[in-house]
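Open the model in your viewer and keep the selection panel at hand.

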Amino acid sequence: MTTEAPLSQSHAATGDPIRVMLVDDSAVVRGLVTRILDAEQGIQIVASVGNGQMALAALDRNEIDVVILDIEMPIMDGMTALPKLLQADPGLKIIMQSTLTMKGADISLRALEMGAADYIPKPTATKDLAGGADFKAELVGKIRALGQARHRSPNRLPRPAGAPPLTPRPLAPLPPARVAIHPPGPLNLRNHPAEHPDVIAIGSSTGGPQALFTLLGAMRTGTVTQPILITQHMPATFTTILGEHISRVSGWDAKEGVDGEVIRGGRVYIAPGDFHMVVEVKGTDKIIRLNKNPPENFCRPAVDPMLRSICAAYGKRVVACILTGMGSDGLKGGQAVVASGGTVIAQDEGTSVVWGMPGAVATAGICSAVLPLPEIAPWIMKLATRR
């Protein structure tokens, strides 16, 4: 399973506590999560309820930043509650609890399409119920990342009347971005290869599926003829379903990469969960290779090995796009792309669920453009179709 490094700095040091609501009909699971989060500085559980109807009532009484929402519950299940919670508070960050099955993956991807921010595996195994280290790291890391993004959001609602007082503290500013931001309009050719690209590479994590649906839905097949290679931080099974959802919402032929297959234009290749996906040159062909080399940036699949291999195979005829996600995966690979003469762009903070990965490449000064999500597809299409 893919996990990511927890944030190194407690949010308590930079602002209000991250206020969490647990929604699960299992008292055992709520107890497990409560024990984990009670030990974390800067995270506060403000409500713990057994179904979606109770969650809606609790949202009226409390200021909540992050919701851990189970899918299957009596009275009102998670998929019914999800749009109602977001209607009540559009800036709310909701993490779905899902089983790592085909059905669970499909429901989770539908929840992401409906506005959920992320998902975590539902703790079922003995080691998880005992507070396994992997489950704890993933849970805490995602709550911290999404909670901090929520605190920075302009959509945060006023505190409910009667809610207990907080002692606000100012947020630490982000480091200044040293980027060249290209506004919409004629393509600025500065920092671009002389030739049009032969491949488009995309890296994403938290919030990535939603961003991919938007981006690829706007990049219709036939206009962009290059192959598109994607590394999205996801476990096995979920990446299979991700390909199916991308095909359905965008019209692209999208599927997991298969070891040894020849890369063809006009197709989308997704790194399978728990495998790094890289490119190898074989004669005149570029082929997909999958491996289980050690995780990079705490992730497998990881963006960096994909980008390094693409640089070696395609040289300067590469466009790399880093979308929303936790951590800094894609930074070293993006530096390799630029060193080879290729182009790196990133999603801006305002449209990112978490501005970790795109923020890392943006503040490193290697991007040719940092753009809102709706402007990325037109920008790539201009570059991809330029001769």
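**Stop one: a helix pair**

In this predicted model, select helix H9 (residues 303–314) and helix H10 (residues 331–339): they pack at an angle of about 15 degrees, and their axes are 7 Å apart. Angles under 35 degrees count as roughly parallel, so H9 is roughly parallel to H10. The crossing of H9 and H10 is left-handed.

Now show side chains at the contact. From H9, pick Asp304, Leu307 and Cys311. From H10, pick Leu331, Lys332, Gly333, Gly334, Ala336 and Val337. Colour them by class: the contact of H9 with H10 has five nonpolar, two polar and two charged residues.

**Stop two: a cavity**

Go to the second largest cavity, which holds about 40 Å³ of space.

Select its lining: Leu22, Val23, Asp24, Val29, Arg30, Val33, Ile68 and Gln97. Strand E1 (18–23) and helix H1 (27–38) are the elements that each give two or more residues to this lining. Which element gives the largest share of the lining? H1 does, with three residues.

Colour by class again. The lining of the second largest cavity divides into five nonpolar residues, one polar and two charged.

Notes: Residues numbered from 1 in each chain as written. Predicted model: local features only at pLDDT ≥ 70, side-chain atom pairs only at ≥ 80, totals over all residues. Heavy atoms only, no water. 1 Å grid on protein atoms, 1.4 Å probe; cavity = no way out; pocket = protein on both sides within 12 Å on 5 of 7 lines; lining within 4 Å. Points joined across faces, edges and corners; volume = space filled by probe spheres on them. Helix = DSSP H or I, 4+ residues; strand = E, 2+ residues; numbered from the N terminus. Nonpolar A, V, L, I, M, F, W, Y, C, P; charged D, E, K, R; others polar. Axes fitted to C-alpha atoms, helices over the stretch in contact; angles between N-to-C directions. Parallel < 35°, antiparallel > 145°, perpendicular 65-115°, else oblique. Left-handed = near helix turned anticlockwise from the far one by under 90°. Contact = heavy atoms within 4.5 Å.
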